[in-house]
2 protein chains.
Amino acid sequence: MNGLRVIGAVVALLACAAGAHGAEVLSSWREGAARSAILDFVQRTTDPASPDFVPPLERVAVLDHDGTLWPEQPVSAPLRFAVDRIRAEAPQHPEWYRRDPYRSLLKDDSHLGQLGDRELMQLLLAAHAGLTPEAFAQQVQQWLAGARHPRFGRPYIDLVYQPMRELVQLLEDRGYRVFIHASGGADFLRAFVERVWGLPRERVIGNQVVLELQMRDGRADLVRSARLHWSDQAAGKPATVEHILGRRPVIVVANSDQDEALMNWAAAGRGPRLVLRLLHDDPGRDYESRARRTSPAWQPVSMKNDWLVLFAPP
Amino acid sequence: MNGLRVIGAVVALLACAAGAHGAEVLSSWREGAARSAILDFVQRTTDPASPDFVPPLERVAVLDHDGTLWPEQPVSAPLRFAVDRIRAEAPQHPEWYRRDPYRSLLKDDSHLGQLGDRELMQLLLAAHAGLTPEAFAQQVQQWLAGARHPRFGRPYIDLVYQPMRELVQLLEDRGYRVFIHASGGADFLRAFVERVWGLPRERVIGNQVVLELQMRDGRADLVRSARLHWSDQAAGKPATVEHILGRRPVIVVANSDQDEALMNWAAAGRGPRLVLRLLHDDPGRDYESRARRTSPAWQPVSMKNDWLVLFAPP
């Protein structure tokens, strides 16, 4: 595949040129340990003369989605979407008014944050059963157009963290393939990942529902069931990433306790690894989180100290 | 992500230039309906002025592996590899000599082709349980270095169909992302997909085993179990492809009856679709197969009439 290799090399050169002559990279990041660690790592792993050089085919980064690339408090977007859909569809499902968790949810959804993992999953699955993937994506897009975040009063997709946008841009420019891990379900993010992130849908990894193949009017379609096909919460995340990518990521960026297995597994790989842990330590600008464990193998990123801005201006 | 888009556009231009000025495309394909259908489709879907233009983010092709990109007769390579490993490891597993399917296999493996799907899967799973993905990949590479195809007497990776190599090259040059569907297990192909196809490992889709996360000496590793994590035989293939890609492929290339659900599901998508069915109709140069069903939605590719050569010269 020499043609491919030649084109790959040209792309790498162009990307370097863009990095050198374009706008300053990571411009929303304050000078400091986190920004330096990123720039140094990217330089070392993409310079063919460096002992830490990583060949382009192996340059894979996995970034967690909710809480890492945008806020996940007070309720994550995929969960808010599911609850809004349940409320909208409830009149067609009178049985929901007699069965928990629907019953208490339809009365008052202010306790959403206290639901257990199993109840949350049941809600997420039931809310969208029966839809084709195409119809599900349309529902997500419609919801995103109207929904506003309760604290920031802006559309959810305006709340992508600007420093993370710049990080993704830098990595893609330098030949890394960025994958986003969406615990709230891959399909939710896939409905807008092209528009918001400029990445193809296969770059999204996450929970999946069982899909059933149906023939309707001689036409083959897949339809969402209410059963989970695979789940990759917490300790299951390394296996999901290996299943999809066939390797340990070179770079992992995450924020929560649920991501620690993924962070440790990636860090244990041979060769250079960069594991960033985003700390939600800035209650003035975002929600605070107690997920603050450290490890010598992780580079902390302080929202408060390392980020000049959180969001792009309205 | 304007920087990404600019680079994408430059890559597309370079790819066009390479196509125009480089060696003739599809040079191992005889002039005819199949070759014309491919060239016409690629032209229509990559020309921004065409009504059939497919945006780069949506350009996804799925090619079946065994039987489509190389021979799968008399026994597919992943199965031959599993059996060779079982024979090599049998002395450490005296119980295998008393239990079928191992027992009859260890006595005489000439009946391999007659094993049922369930027995085959059991063999494939059991043969590699306990290995890390990294160790498994090494075993595959060692096996490939020594194994020879029983009819052609050449290493398996020398038996990649040359016309398919040219097709993959053409598609990648024109901005299609080629995914390979390996029913014999994604990890087998992933062990050599970079070297043989120049494609990153995440471009391989297929059966997966359950992976268990183990801590050894404070180090997190995944280990293969003998259980299937997900299976995508026959009617399950569309769901696997949707799970991984988040869309119907624009192009599908396949050969067997087991691929028909995938072919029909892809063909039923809105917009332009190209579904190629490779016919094994050339017993003089390869094995013959009775999988010959046609559909107006599929373009047949005759090994006998459409391909000038099968393999690159030794």
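Predicted model: local features only at pLDDT ≥ 70, side-chain atom pairs only at ≥ 80, totals over all residues.
Let me start with the pair as a whole. If you rotate chain A by 180°, with 0.0 Å of shift along the axis, chain A superposes on chain B with an RMSD of 0.0 Å. The two copies are therefore related as by a two-fold rotation axis. The same surface is used by both copies, in that 98% of the contact residues of chain A recur in chain B.

Now to the inside of chain A, where 6 strands form an open sheet with parallel pairing, and the order to follow on the screen is β3-β2-β1-β6-β7-β8. The edges of this sheet in chain A are taken by β3, residues 204-206, and β8, residues 299-302, and each of them has a single partner strand, so one side of each is left without a neighbour in the sheet. On average, and ignoring direction, neighbouring strands are turned by 20° against each other.

At the β3 end of chain A, strand β2, residues 177-182, runs parallel to β3(A) and is joined to it by 3 bridges.

Another is α10, residues 237-245, which touches β1, β2 and β3 of chain A, with its direction at about 140° to that of β1(A).

Turning to chain B, we again find an open sheet of 6 strands, paired in parallel in the order β3-β2-β1-β6-β7-β8. Its edge strands are β3 and β8 of chain B, each of which pairs on one side only. Within this sheet, β6(B) and strand β7 of chain B, residues 274-279, pair in the parallel sense over 4 bridges, and in β7(B) the partner of B:Ala254 is B:Arg277. Helix α2 of chain B, residues 33-46, lies across β6, β7 and β8 of that chain and runs at about 130° to β8(B), while α10(B) lies across β1, β2 and β3 of chain B at about 140° to β1(B).

That brings me to the interface. The size of an interface is often given as the accessible area lost when the parts come together. Here chain A and chain B bury about 4800 Å² between them, with 59% of it on carbon and sulfur atoms, and 51 residues of chain A are in contact with 53 residues of chain B.

How many salt bridges are found across the interface of chain A and chain B? The count is 8, and there are also 24 residue pairs in polar contact across it. On the side of chain A that touches chain B, helix α1, residues 2-21, gives the most, with 7 residues.

Two of the charged pairs can be inspected directly. B:Arg247 forms a salt bridge with A:Glu194, their closest N and O atoms being 2.9 Å apart. The side chains of A:Asp221 and B:Arg248 also meet in a salt bridge, at 2.4 Å from N to O; this pair crosses from strand β5 of chain A, residues 219-230, to the loop between α10 and β6 of chain B.

Conventions: Residues numbered from 1 in each chain as written. Chains lettered and ligands numbered in written order. Heavy atoms only, no water. Least-squares fit on C-alpha atoms with pLDDT ≥ 70 in both. Contact = heavy atoms within 4.5 Å. Pairing = 2+ DSSP bridges. Helix = DSSP H or I, 4+ residues; strand = E, 2+ residues; numbered from the N terminus. Axes fitted to C-alpha atoms, helices over the stretch in contact; angles between N-to-C directions. Buried area = accessible area lost by both parts, 1.4 Å probe. Salt bridge = Lys/Arg side-chain N within 4 Å of Asp/Glu carboxyl O. Polar contact = N/O pair within 3.5 Å; in protein donor to acceptor, adjacent residues only side chain to side chain.
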